[in-house]
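Let's take a friendly walk through this model, one part at a time. Have the sequence and the 3D view ready.

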Amino acid sequence: MSDRIQLLSPRLANQIAAGEVVERPASVIKELLENSLDAGATRLEVEIDNGGIKRIKVRDNGGGIDKDDLPLALARHATSKIHALEDLEAVATLGFRGEALASISSVARLTLTSSRDDSGQGWQVAVSGRDMQAALAPAAHPRGTTVDVRDLFFNTPARRKFLRTEKTEFNRVDETIKRLALSRFDVSISLRHNGKGVHNLRAGLGRVEMERRVAQVCGPAFMQNALHIDVERSGLRLWGWVAEPAFSRSQADLQFFYVNGRAIRDKVVSHAVRRAFADVLYHGRHPAFVLYLELDPAAVDVNVHPTKHEVRFRDSRLVHDFLFGSLHRALADVRPGQREEREQ
Ligand code: ADP
Ligand code: MG
């Protein structure tokens, strides 16, 4: 090995970056769907083959990408979402690092097709294999964007080895779709696997429509046993659905928690929820919930990790106590002992 310093080739730099954002089909889909949402799409169609390992296709009806920007969309650190450091303070989009498409296209065969208008005409770029040079060609496409990703990790066998069975990868994709579906009731979402329909979720923001979607995603039994909560205090709001303790799970598989619309996993949140359920659930049972915490965006930092599952609350004590208090009270209302007390 030479000890002389060399610049990484763009392709190698992208493949290294891909290690962070592109772990498996589900992470590809998450990035693509976030791009679609950032583009203002109201309809998301996802088709996958073989758990997404062989093929992932995401089509949206968003604003599309300009012909001249298509090759740039695949370049690293190319983004339309921030222009200056100040923008980071108030970033309203899900993406902003300009890494997803560059990363994905460095480890798969990617075709990007897009149109900005209703002419039915669009443009397409494809990158595959060794060369990162994207060739532009005209293509028929309605307003919006389609990203087609084939043969994930075909050129990085070491990464490919870490993929699990098609069934497992499909389950991760399904989880990703469900998590997203519960964060955007205003967007219709469909998923097809190996040519068969899995989800077809219609958009709607009314209580009835939202509860229909929750039932589709979490199962009708969840909804039948769910308590609707909506609590507001000290600038914090918690709303959503919590299953009565009778509907507990052997796995933590029905736990959806959103902070200002983003799905997150957080120690402060988990602890507060666990404590609230501690005396109503048997040991080893897990609660089921779909909950939304809303607070001043300035009171929470979402830019902790590239995959953005993590947040940092400015006042985590306040958040913890609010969550615990709100859930504990909601559950107290169905706890038989306490109901008797109240009725006396
Ligand atoms: P980021 O989302 O961080 O900006 P990406 O690599 O995910 O980076 O996307 C690069 C750019 O490509 C985006 O900033 C956006 O301008 C454009 N883009 C990607 N996907 C879409 C889409 N589905 N619709 C419209 N524009 C898109
Ligand atoms: Mg993105």
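## Helix 10 and helix 11

Start with helix 10 (residues 267-277) and helix 11 (residues 316-332): their axes come within 8 Å and cross at roughly 30°. Helices here are DSSP runs of H or I with at least four residues, and strands are runs of E with at least two, numbered from the N terminus. The axes are lines fitted to C-alpha atoms, for helices over the stretch in contact, and angles run from 0 to 180 degrees between N-to-C directions. That crossing makes helix 10 roughly parallel to helix 11 (angles under 35 degrees count as roughly parallel, over 145 as roughly antiparallel, 65 to 115 as roughly perpendicular and the rest as oblique).

The crossing of these two is right-handed, a label used if the near helix is turned clockwise from the far one by less than a right angle, with anticlockwise giving left-handed. Who touches whom? On the helix 10 side you'll find V268, V269, H271, A272, V273, R275, A276 and F277, and they meet S316, V319, H320, L323, F324, L327, H328 and L331 in helix 11. Contact means that the C-beta atoms of two residues, placed from the backbone, lie within 7 Å. Sorted by class, this contact has 11 nonpolar, 4 polar and 1 charged residues (Ala, Val, Leu, Ile, Met, Phe, Trp, Tyr, Cys and Pro count as nonpolar, Asp, Glu, Lys and Arg as charged, and the others, Gly among them, as polar).

## How to read the model

This is a predicted model, where local features need pLDDT of at least 70, side-chain atom pairs count only at pLDDT 80 or more, and totals for chains, interfaces and linings use all residues. Residues are numbered from 1 along each chain as its sequence is written, while chains are lettered from A and ligands numbered from 1 in the order in which they are written.

## Helix 2 and helix 7

Now look at helix 2 and helix 7, which pack at about 25° with their axes 8 Å apart. They are therefore roughly parallel to each other. Helix 2 brings P25, A26, I29, K30 and L33 to the contact, and helix 7 brings E169, R172, V173, E175, T176 and L180. That gives 6 nonpolar, 1 polar and 4 charged residues.

## Around ligand 1

Which residues come nearest to ligand 1? Of the 23 around it, they are N35, A39, T79, G95 and A100 (a residue counts as near if its C-beta atom, placed from the backbone, lies within 6 Å). Helix 2 (25-38) and helix 5 (100-106) each supply at least two residues of this shell.

## Two domains

The protein is split into domain 1 (10-201) and domain 2 (213-343), with bounds from an automatic or database domain assignment. Their C-alpha centres lie 31 Å apart.
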